[in-house]
Amino acid sequence: MDANFWAALAGIVWIDLLLSGDNAVVIAMVCSRLPPAQRRMGIVLGATAAVGLRIVFAFGVAWLIAVPGLSLVGGLFLLWVAAKLVIDHGAEDEETEASSTLLGAVTTIAIADAGMSLDNVLAIAALSHGNLWLMAFGVLLSIPVVIAGSTLISGLLTRFPVLIWAGAALLGWVAGGIIASDRYVKTYLMPYLPLDEPMLHYALAAAGLALTLAVGLFFRLRHARTARA
């Protein structure tokens, strides 16, 4: 175990803390719409789904790198999730509340986490340099990080519902960044923009944030006008 091993280990811990936080936000926000009795189970099942995806991706990371469009689809779905969470937040009709089922929440979490889990595994794979022990450690470490982070954030969302908007903005930013990392986007969009790769990442991340809040605000205002009518 030389200095390179410990440097890689430290990098994996840091990457897990950073990227698992995004998964935790998704899980907490989706589960915040569940009835209180199902919320904890939703967090556990959602975290299990997220970690399960990472394990699957860890085994197929070489193949997944070669699949163009995967990050694009995952990022677009995450944008939809972020906007829908803002739109549904505060809706007081029983139909909206009834639509928040445990199975629906776990399914939404699994699909939305696909792009973020892939990014996490790719980062861990790059840092581990083929060391299977480091790879396994990175994936396993994400389990308590995601569960603890989801539980903490879920509690904050329950106490301070306004944080739903901040969480949606963060998810929009992450979704834009995931879209920017896709091979199709780099191949077919970058040549027509005066942006290098880092600038494209920030531009699409900012666009994702702005779009999420704009769509959420539009539908919330329309819902408010309809309720007053």
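These legends describe close-up views of a predicted model.

**View 1. Aromatic pairs in the predicted model.** The ring-pair count comes to three. A pair needs ring centres within 6.5 Å. The next two views show two pairs from this count, Y184 with Y188 and F218 with F219.

**View 2. The tilted pair Y184 and Y188.** The ring centres lie 6.0 Å apart. The ring planes meet at 35 degrees, so the pair is tilted. Stacked would require planes under 30 degrees apart, and edge-to-face over 60. Helix α9 (residues 183–188) holds both tyrosines. They sit four residues apart, about one turn of the helix. Y184 has a relative accessible area of 40%, so Y184 is partly exposed. Y188 reaches 56% and therefore counts as exposed.

**View 3. The edge-to-face pair F218 and F219.** Here the ring centres are 5.2 Å apart. The planes stand at 85 degrees, so this pair is edge-to-face. The cut-off for that class is over 60 degrees. F218 is partly exposed, at 46% relative accessible area. F219 is also partly exposed. Its relative accessibility is 31%.

**View 4. I111 in helix α6, with A49.** Helix α6 spans residues 102–128 and includes I111. I111 has 40% relative accessibility, so I111 counts as partly exposed. In sequence, I111 and A49 are 62 residues apart. In space, their C-alpha atoms are 9.3 Å apart.

Methods. Residues are numbered from 1 along each chain as its sequence is written. This is a predicted model: local features need pLDDT of at least 70, side-chain atom pairs count only at pLDDT 80 or more; totals for chains, interfaces and linings use all residues. Side-chain values use heavy atoms; hydrogens and water are left out. Helices (H or I, at least four residues) and strands (E, at least two) are DSSP runs, numbered from the N terminus. Buried means under 20% relative accessible area, exposed over 50%, partly exposed in between (1.4 Å probe, protein chains only).
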